[in-house]
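User: I want to see how the labels on this model were assigned. Please set each value against its definition.

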Amino acid sequence: MTNETSKNNPLLCDIETGLCETTDSNTDSTSQSNIQSTKKSVRVIYYTDPICSSCWGIEPQLRKLKLEYGNAVEIEYRMGGLLPDWNYNSGGISGPSDVASHWDEVSLHYDMPIDGDLWLEDPLDSSYPPSIAYKAAQLQDQEKANVFMREIRELVFLKKKNIAKWEHLETAAKTVGLNADQLKTDFEGKAKDLFNDDLKLGRELGVRGFPTMFFLDESGNKEIVYGARPYAFYEMAILKLNPEAIKSEYSKDWQSLFAIYPTLTAKEFSELSGTPRAESESVLNTLSNKGKLEKLETKNGAIWISK
């Protein structure tokens, strides 16, 4: 894929940089007025989108970060508006079907299951509806909202569900224990304003693609990690801002990990448990064969689910 292609089309993420770039590449410097202090020593503003394949690619690193540095870091999800609509026809994309093979390619690159056939079978018109739904979920419960984000990502990347459709957003809401009726009310009302606030702040911060993470300390000092990067990049950003941040120990056995994260891919299990990637899949397969876990297979890998 050419750089020109990735610049023009946010859905064609640049595998080299690990960034899904927006069509509007505003790169203004961070506005200090938007940075406020927080109780935890490091605040992370995480610009993402429900259908950002590179963001799905960093789930293993992000989940590990929460386990090891959750005591020092507050992660704040912000929606970036990756796909407003299909009104552009440039840079190699003429329609949703052109994204299908790219998603399959990205899946192999990140070693995270993604089924690009969604774009052939039931493509999204926009990523705005699931983004607004996330903002609506935040109004109810921040923790459940983040679980909701994971749930809709699994629906779109693994189960080929068009998460721009309310029926799938409603199902996800009920699955994670949100009030679906309240979600609908907020989705049609105040959540739209909150989403627009995220877009506005993103422009002010110069967000040009996803994932983008701003690591900020209480004095407003910042480290920025653009795109999908190995775990050490995120850890380094925290330790630069707070060298005294203490890494938490956590139980790495499969029962403990699935108690925290009820669904794990082989890459995630490897990252969190320390099991070599070459072995993680066979460990999980053994557990599913014994009936300890459920396994959902896709054409590009699997995910294991606690029973």
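User: Why is the crossing of H3 with H11 called right-handed?

Analyst: A crossing is right-handed if the near helix is turned clockwise from the far one by less than a right angle, and left-handed if anticlockwise. H3 passes H11 in the right-handed way. The contact involves Gln 61, Lys 64, Leu 65, Glu 68 and Tyr 69 of H3, together with Tyr 231, Tyr 234, Glu 235, Ile 238 and Leu 239 of H11. By class there are six nonpolar, one polar and three charged residues in this contact. Helix H11 covers residues 231-241, and its axis is 9 Å from that of H3 at an angle of about 35°.

User: Which rules stand behind these terms?

Analyst: This is a predicted model, in which local features need pLDDT of at least 70 and side-chain atom pairs pLDDT 80 or more, while totals for chains, interfaces and linings use all residues. Residues are numbered from 1 along each chain as its sequence is written, and side-chain values use heavy atoms, without hydrogens and water. Contact means heavy atoms within 4.5 Å. Helices (H or I, at least four residues) and strands (E, at least two) are DSSP runs numbered from the N terminus. Axes are lines fitted to C-alpha atoms, for helices over the stretch in contact, with angles from 0 to 180 degrees between N-to-C directions. Ala, Val, Leu, Ile, Met, Phe, Trp, Tyr, Cys and Pro are nonpolar, Asp, Glu, Lys and Arg charged, and the others, Gly among them, polar.

User: What makes H6 roughly antiparallel to H7?

Analyst: Helix H6 (residues 128-140) packs on H7 at about 155°, with the axes 7 Å apart. Angles over 145 degrees count as roughly antiparallel, under 35 as roughly parallel, 65 to 115 as roughly perpendicular and the rest as oblique. The angle therefore makes H6 roughly antiparallel to H7. Their crossing is right-handed. Pro 130, Ala 133, Tyr 134, Ala 137 and Gln 138 of H6 meet Gln 142, Ala 145, Asn 146, Phe 148, Met 149 and Ile 152 of H7. That contact has eight nonpolar, three polar and no charged residues.

User: Then why is H8 oblique to H9?

Analyst: The axes of helix H8 (residues 166-175) and helix H9 (residues 180-188) come within 9 Å and cross at roughly 130°. This value makes H8 oblique to H9. H8 and H9 also cross in a right-handed manner. Trp 166, Leu 169, Glu 170, Ala 173 and Lys 174 of H8 touch Ala 180, Leu 183, Lys 184 and Phe 187 of H9. Here the classes are six nonpolar, no polar and three charged.

User: What makes the largest pocket a pocket?

Analyst: A pocket is an open set of points on a 1 Å grid over the protein atoms alone, with protein on both sides within 12 Å along at least five of seven lines, and lining residues have an atom within 4 Å of a point. The largest pocket holds about 890 Å³ of space. Of its 33 lining residues, Lys 66, Tyr 77, Glu 143, Asn 146 and Val 147 are the closest to its centre. H7 gives the largest share of the lining, nine residues. The lining divides into 15 nonpolar, five polar and 13 charged residues.

User: How do you know which residues Gln 138 touches?

Analyst: Leaving out residues up to four places away in sequence, Gln 138 touches Tyr 77 and Ala 145.

Conventions. 1 Å grid on protein atoms, 1.4 Å probe; cavity = no way out; pocket = protein on both sides within 12 Å on 5 of 7 lines; lining within 4 Å. Points joined across faces, edges and corners; volume = space filled by probe spheres on them.
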